[in-house]
Amino acid sequence: MHRILVATDFSTRSDRALGRASLIARQVNVPLTLVHVVDGDQSERLIDTCREAALSLLSEMSATMGEAGLDVDWRVKVDDPYAGIQSAAEELDADLIVIGPHRRRLRDIFVGTTAERIVHRSTYPLLIAVEPPSGRHGKTLLAMDFDAGSKSAARKALSLGLFDLTDVTIMHAFDAPAEGMMRRALMEDDEVTQYVASEGATADADLRSLAEELGLPPATLAVVAMKGTPARTIFEAARQAGSDLIVLGTNQRKGFERVLVGSVTAEVIRDAQRDVLIVPVDADV
């Protein structure tokens, strides 16, 4: 990793992103760039006023962070929030974008959150800092499937150095497709239980092989049956593991049915109670 981009709108929610980005920058010893996006859909006079105010605030913030030993610069973009963040990431070739948590607004119904729009179109990993940071991430839940999206997420997280100082739980949610049919056929509970256990054992063996293939750090493996939606299953696994970071790829299929940007990833972004790292399937690894 050579640079982190952190977006701020000067809100308390953005302070979470700044705090988390600062902790990671110290952890991996890389510089930070602060970016603020001025809404371009307003008068030139108002744009100029907002730009000058933002430049002043960013200068003060950078000076304070610099005094704390961080290497910080900043820039102001005039654009749509998504496009401005994306443009800054491209100019800097940032390795990681950090933003604050989603705030639900009426317009999200129509255009989606800034986070979702970044994930839709960007090749940059996106860390959503949901919780006020009190220290480095202690426990990470890596949600894995057996396709390119999961492998991309794992490799990219490894390359970012985010697993170096955290306990990792590698989680796979498997689906037992015949379970419902067996129950409707009134088969004995023992038979159904044995079938589900067999599916779980196969998934466990596959996950162990995948973890070895990827060279993942020593970790706890969690193979769980799908319960409810894939996102709910991920959240419950994170809760049980005590994880403060979820790592998720954007194009997982099979066991995580429908883990596409518009469905499960969107639900994770909107409803997460802990930090989430979303890695696009086509991110460089």
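Seven salt bridges are found when the whole structure is searched. The model is a predicted one. Side chains of opposite charge can pair when their charged atoms come close.

Arg3 belongs to the segment before S1 and Asp73 to strand S3, residues 72-79, so the pair ties together parts that are 70 residues apart in sequence. The two partners fall in separate burial classes. Arg3 has a relative accessible area of 18% and is counted as buried because this value is under 20%. Asp73, at 28% relative accessibility, is partly exposed, since its value lies between the 20% and 50% limits.

Arg3 also takes part in a polar contact of 2.7 Å, in which its side chain is joined to that of Thr33. Thr33 is placed in strand S2, which covers residues 32-39. With a relative accessible area of 0%, Thr33 is buried. Apart from neighbours within four places in sequence, the contacts of Thr33 are Arg3, Ile4, Leu5, Val6, Asp73, Trp74, Arg75 and Leu92.

A second salt bridge is formed by the side chains of Asp275 and Arg20, with an N to O distance of 3.2 Å. Asp275 lies in strand S10, residues 275-279, and Arg20 lies in helix H1, so this pair ties together parts that are 255 residues apart in sequence. Asp275 and Arg20 are both buried.

Lys77 is buried, its relative accessible area being 15%, whereas Glu91 is partly exposed at 47%. Salt bridges with shared partners join Arg75, Lys77 and Glu91 into one network.

Rolling a probe the size of a water molecule over the atoms shows where empty space is left. One cavity of 30 Å³ or more is found. The space in the largest cavity amounts to about 80 Å³. Its lining consists of Arg20, Leu23, Ile24, Gln27, Arg136, His137, Thr140, Leu162, Leu165, Thr166 and Leu245. Helix H1 makes the biggest contribution to this lining, with four residues. By class, the lining of the largest cavity comprises five nonpolar, four polar and two charged residues. Arg20, one of the lining residues, is also the partner of Asp275 in the salt bridge noted above.

Thr8 occupies the loop between strand S1 (4-7) and helix H1 (12-28). Thr8 is buried because its relative accessible area, 5%, is under 20%. The side chain of Thr8 reaches the backbone nitrogen of Phe10 at 2.9 Å. When residues up to four places away in sequence are left out, Thr8 touches Ser14, Leu18, Val35, His36, Leu58 and Met61.

Glu116 is situated in helix H5, residues 114-121. Glu116 is buried, with a relative accessible area of 7%. The C-alpha atoms of Glu116 and Glu267 are separated by 9.8 Å, while the two residues stand 151 residues apart along the chain.

For the protein as a whole, 10 helices and 10 strands are assigned. The protein has 285 residues, of which 49% count as buried. Of the contacts between residues at least 6 apart in sequence, 79% join residues at least 24 apart.

Terms used: Residues are numbered from 1 along each chain as its sequence is written. Side-chain values use heavy atoms; hydrogens and water are left out. Helices (H or I, at least four residues) and strands (E, at least two) are DSSP runs, numbered from the N terminus. Buried means under 20% relative accessible area, exposed over 50%, partly exposed in between (1.4 Å probe, protein chains only). A polar contact is a pair of N or O atoms within 3.5 Å; within protein, one must be able to donate a hydrogen and the other to accept it, and residues adjacent in sequence count only if both atoms are side-chain atoms. Contact means heavy atoms within 4.5 Å. On a 1 Å grid over the protein atoms alone, a cavity is a set of points where a 1.4 Å probe fits but cannot get out, and a pocket is an open set with protein on both sides within 12 Å along at least five of seven lines; lining residues have an atom within 4 Å of a point. Grid points are joined across faces, edges and corners, and a volume is the space filled by probe spheres set on the points. Ala, Val, Leu, Ile, Met, Phe, Trp, Tyr, Cys and Pro count as nonpolar, Asp, Glu, Lys and Arg as charged, and the others, Gly among them, as polar. A salt bridge is a side-chain nitrogen of Lys or Arg within 4 Å of a carboxyl oxygen of Asp or Glu.
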